[in-house]
Amino acid sequence: MKQIILLFEGHDYSGKTQIARELSRLIDIPYFKNIRENEAFNRDELKYFTKYGGIYLADFLRQTGYSAIIDRSYPSEYVYSTVLDRDSCENIFEIDKIFALMGTQIIYCFKEDLTGYKDNLIDIELIPKIKIVYDKFFKLTKCRYYKLNTDNVDLNWQIKKILGYLNG
C-alpha cells in the first residue's frame, strides 16, 4: 500500500479538525493531533516540539512507511511564530524537505466569512495576516498543497473536494 501523509493546516475554526477526522475515518488512515498545542501556544515549547518532534515524526514515518493524517504541523509553527513575532524553530524547511520526499500533501483550510469566529488564543484581526503568511509558506514549501475554502460547511462537499484533489 502506498504511503499517504496529509497535513491539515489553516487558521483556527476553519474546519480542519472535523474534516481531517472524517477523512481519516473514510479512508482508514490514522489521525494525529498534538493535544498539547494550545498549552504550549505562546511558549518556546512549540518551537522545540517542531525542532525535535518534527524531525522525529518525519523519520518515524519515513522509516516505517506508515500513513497519517496530521492536524497541524510545522507549517503552523512557521505561520504562527511569524504572525505572533515569537522565536521559532530554525529547521522548518529541513523538516519540509523530508516530508516532501515522502510525498506529503498539505490541505489548507480557510474561511473568507468569519461570522461567529471565537477564539481565546487568536484575535480575529490576525486572521488576514495568518492567511498572508500561509501564502508565503506555500511559495517556500516543497510539498504539494490544496487550498480549500471551507465557507461551505457541508462536510460531504469538503471531503469530495479533497478526494478529487488527491485522486486527480
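1. Is Arg 72 buried or exposed? With a relative accessibility of 11%, Arg 72 counts as buried, where buried means under 20% relative accessible area, exposed means over 50% and partly exposed lies in between, for a 1.4 Å probe and protein chains only. Arg 72 sits in the loop between β3 (68-71) and α3, and its phi is near 75°, a positive value in a residue other than glycine.

2. On the basis of these notes: this is a predicted model, in which local features need pLDDT of at least 70 and side-chain atom pairs count only at pLDDT 80 or more, while totals for chains, interfaces and linings use all residues. Residues are numbered from 1 along each chain as its sequence is written, and side-chain values use heavy atoms, with hydrogens and water left out.

3. On the overall arrangement, the protein has six helices and five strands, where helices (H or I, at least four residues) and strands (E, at least two) are DSSP runs numbered from the N terminus. Along the sequence these elements follow the pattern β-α-β-α-β-α-α-β-α-β-α. Of the 168 residues in the protein, 49% are buried. Among the contacts with a separation of 6 or more, 79% are accounted for by residues 24 or more positions apart, a contact being heavy atoms within 4.5 Å.

4. Asp 85 lies in the loop between α3 and α4 (92-101) and is exposed, with a relative accessible area of 72%.

5. Turning to helix packing, helix α1 (residues 16-27) and helix α6 (residues 155-167) pack at an angle of about 65°, with their axes 10 Å apart; axes are lines fitted to C-alpha atoms, for helices over the stretch in contact, and angles run from 0 to 180 degrees between N-to-C directions. That angle makes α1 roughly perpendicular to α6, on a scale where under 35 degrees is roughly parallel, over 145 roughly antiparallel, 65 to 115 roughly perpendicular and the rest oblique. The contact involves residues including Ile 19, Leu 23 and Leu 26 of α1 and Ile 159, Ile 162 and Leu 163 of α6. The contact residues divide into eight nonpolar, two polar and one charged, with Ala, Val, Leu, Ile, Met, Phe, Trp, Tyr, Cys and Pro taken as nonpolar, Asp, Glu, Lys and Arg as charged, and the others, Gly among them, as polar.

6. For helix α3 (residues 74-83) and helix α5 (residues 127-140), the axes come within 9 Å and cross at roughly 130°, which makes α3 oblique to α5. Residues of α3 including Tyr 74, Tyr 78 and Val 79 meet residues of α5 including Ile 130, Val 133 and Phe 137. The residues of this contact divide into 11 nonpolar, two polar and two charged.

7. Ile 55, in helix α2 (residues 44-64), is buried, with a relative accessible area of 19%. The C-alpha atoms of Ile 55 and Ile 98 are separated by 8.2 Å, although the two residues are 43 residues apart along the chain.

8. Finally, on the cysteines, a search of the whole structure finds zero disulfides, a disulfide being a pair of cysteine sulfur atoms within 2.5 Å. Cys 109 is buried at a relative accessible area of 0%, and Cys 143 likewise counts as buried, at 5% relative accessibility.
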